[in-house]
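Work through the following exercises with the sequence and the structure side by side. Each one sets a task and then gives a solution in steps.

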Amino acid sequence: MIRQEVLALIARAEAGADLSRDELTCLLSLGGEEQKALFAAADRVRARVMGDGVHLRGLIEFSNICRMDCCYCGIRRSNRHVRRYRMTPEEIVAAAQGAWRLGYGSVVLQSGEGDALDPEELAGVVRQIKATTPLAVTLSVGERTREEYALWREAGADRFLLRHETADPELFARLRPGRRLEQRIQCLLWLRELGYQVGSGFMVGLPGQTVGTLADDILLLKRLNVEMAGIGPFIPAPHTPLADAAPGTVEQTLNAVACVRLSIQDAHVPATTALGSIHPRGRQLALACGANVIMPNVTPGKYREHYQLYPNKICLREEPEQCEPCVAALIVGEGRFVATGPGHSPRWTA
Ligand code: 5AD
Ligand code: FES
């Protein structure tokens with residue numbers, strides 16, 4: 001059974017209407033045939049606005065050293081079971097060049113929050129990648145000062161990923177001791193001012209989160225007018241305070257992906273590794289309801305197993321050369337194709 005008013009709401013969303021918190025809450029809660037109608041609408045918007053190409057971003061996890069103690073995260077500072085590592089600047093540049101040779105158009109340099117590389121060193125890495133490859137470079141190194149963001153932008157970094165994690169300020173403060181949502185939003189505003197393409201996003205199924213929180217998450221992304229929105233399920237990690245909490249569900253994550261596609265129609269939306277880690281076809285399912293990006297891991301094999309934000313992460317044993325064809329086959333299997341080039345935001349190339 002599909003309710004007429006739900007069909008009408010989906011049609012308005014598809015046409016690009018601004019949805020209220022209550023309307024988003026309604027869409028986020030759909031199941032059965034109504035959920036299928038939501039996914040079909042998100043898929044049409046994705047095809048119309050973003051096309052059938054799926055962009056690959058090669059993810060280089062260059063250090064798991066972190067000064068933060070997020071309750072959900074496997075590499076939080078107080079987790080003593082993690083073997084800490086940092087790749088050298090030379091190793092990072094080599095990994096990026098390797099990604100370029102495999103056909104990637106962009107790389108994401110990600111680490112825990114901390115000074116695994118000092119800001120100048122990281123700027124040097126960005127400069128070298130930009131000087132020796134045509135790659136778009138994305139940084140994902142957490143909450144930093146405006147000066148650091150400016151330094152890396154001047155060095156040539158194109159984009160920055162900083163998920164807001166949850167739009168509920170109290171939940172945020174509880175899950176990220178010593179940190180406030182407001183500060184994180186300030187960072188996102190600085191990144192925007194500095195001319196980065198900005199990516200943010202959130203986890204689905206955090207303990208204490210409600211469907212209303214997810215609606216707020218989407219409204220916040222819309223207010224920030226992000227160029228990229230990453231949405232993945234929360235997965236409880238061993239040796240963290242949330243080790244015994246329930247994980248986020250595939251269904252709820254897909255509903256959130258579809259609602260983000262309808263709300264910010266020209267954003268890049270990844271089919272996340274976390275979703276692929278809780279369901280064997282998680283990434284394929286996301287590609288069918290709004291997603292248009294995949295971020296294969298191109299971290300050298302010997303470091304991968306030490307970068308586990310959550311358990312049972314896929315591709316831990318694969319080397320970059322193995323993930324690329326695997327992901328390409330996955331994409332073609334969904335009737336899509338691997339997009340070439342840097343895959344900038346359509347707002348940048350228009
Ligand atoms: N489960 C799922 N996602 C997680 N992240 C961190 N810890 C977990 C977890 N246990 C996500 C956060 C972070 C991104 C890099 O990974 O949203 O921003
Ligand atoms: Fe890594 Fe499939 S994506 S092996």
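A residue counts as exposed when its relative accessible area is over 50%, as buried when it is under 20%, and as partly exposed in between. The model is a predicted one.

**Exercise 1. Classify Glu33 and Lys36 by accessibility, and describe how the two are joined.**

Step 1. Lys36 has a relative accessibility of 54%, and because exposed means over 50%, Lys36 counts as exposed.

Step 2. Glu33 has a relative accessible area of 42% and is therefore partly exposed.

Step 3. The two residues form a salt bridge, in which the closest N and O atoms are 3.3 Å apart; a salt bridge requires such a pair to lie within 4 Å.

Step 4. Both residues belong to helix 3 (residues 32-50), where they are three residues apart, about one turn of the helix. The salt bridge is one of 27 in the structure.

**Exercise 2. Find the salt-bridge partners of Arg184, and state whether each residue is buried or exposed.**

Step 1. Arg184 forms a salt bridge with Glu113, with 3.8 Å between the closest N and O atoms. Arg184 lies in helix 8 (residues 181-193), while Glu113 lies in the loop between strand 2 (106-111) and helix 5 (119-132), so the pair ties together parts that are 71 residues apart in sequence.

Step 2. The side chain of Arg184 also meets that of Glu165 in a salt bridge, at 3.4 Å from N to O. This pair, too, links distant parts of the chain, as Glu165 sits in the loop between strand 4 (159-161) and helix 7 (169-175), 19 residues from Arg184.

Step 3. With the cut-off for buried at under 20%, Arg184 is buried at 4% relative accessibility, Glu113 is buried at 6%, and Glu165 is buried at 12%.

**Exercise 3. Describe how helix 5 and helix 6 pack, and which residues make the contact.**

Step 1. Helix 5 and helix 6 (residues 146-155) pack at an angle of about 20 degrees, and their axes are 8 Å apart.

Step 2. Because angles under 35 degrees count as roughly parallel, the two helices are roughly parallel to each other. Their crossing is right-handed.

Step 3. From helix 5, the residues Pro119, Glu120, Leu122, Ala123, Val126, Arg127 and Lys130 meet Glu148, Leu151, Trp152 and Ala155 of helix 6. Sorted by class, the contact has seven nonpolar residues, four charged residues and no polar ones.

**Exercise 4. Locate Lys222 and name the residues that it touches, leaving out those up to four places away in sequence.**

Step 1. Lys222 lies in helix 9 (residues 211-224), and with a relative accessible area of 28% it is partly exposed.

Step 2. With that exclusion, Lys222 touches Asp18, Ser263 and Ile264. Ser263 is 41 residues from Lys222 along the chain, yet their C-alpha atoms are separated by 6.9 Å.

**Exercise 5. State where His239 and Cys315 lie, and what their phi angles are.**

Step 1. His239, in the loop between strand 6 (228-233) and helix 10 (250-263), has a phi near 60 degrees, a positive value in a residue other than glycine. At 48% relative accessibility, His239 is partly exposed.

Step 2. Cys315, in the loop between helix 13 (301-304) and helix 14 (320-333), has a positive phi near 70 degrees. At 18% relative accessibility, Cys315 counts as buried.

Methods. Residues are numbered from 1 along each chain as its sequence is written. Chains are lettered from A and ligands numbered from 1 in the order in which they are written. This is a predicted model: local features need pLDDT of at least 70, side-chain atom pairs count only at pLDDT 80 or more; totals for chains, interfaces and linings use all residues. Side-chain values use heavy atoms; hydrogens and water are left out. Buried means under 20% relative accessible area, exposed over 50%, partly exposed in between (1.4 Å probe, protein chains only). Axes are lines fitted to C-alpha atoms, for helices over the stretch in contact, and angles run from 0 to 180 degrees between N-to-C directions. Angles under 35 degrees count as roughly parallel, over 145 as roughly antiparallel, 65 to 115 as roughly perpendicular and the rest as oblique. A crossing is left-handed if the near helix is turned anticlockwise from the far one by less than a right angle, and right-handed if clockwise. Contact means heavy atoms within 4.5 Å. Ala, Val, Leu, Ile, Met, Phe, Trp, Tyr, Cys and Pro count as nonpolar, Asp, Glu, Lys and Arg as charged, and the others, Gly among them, as polar.
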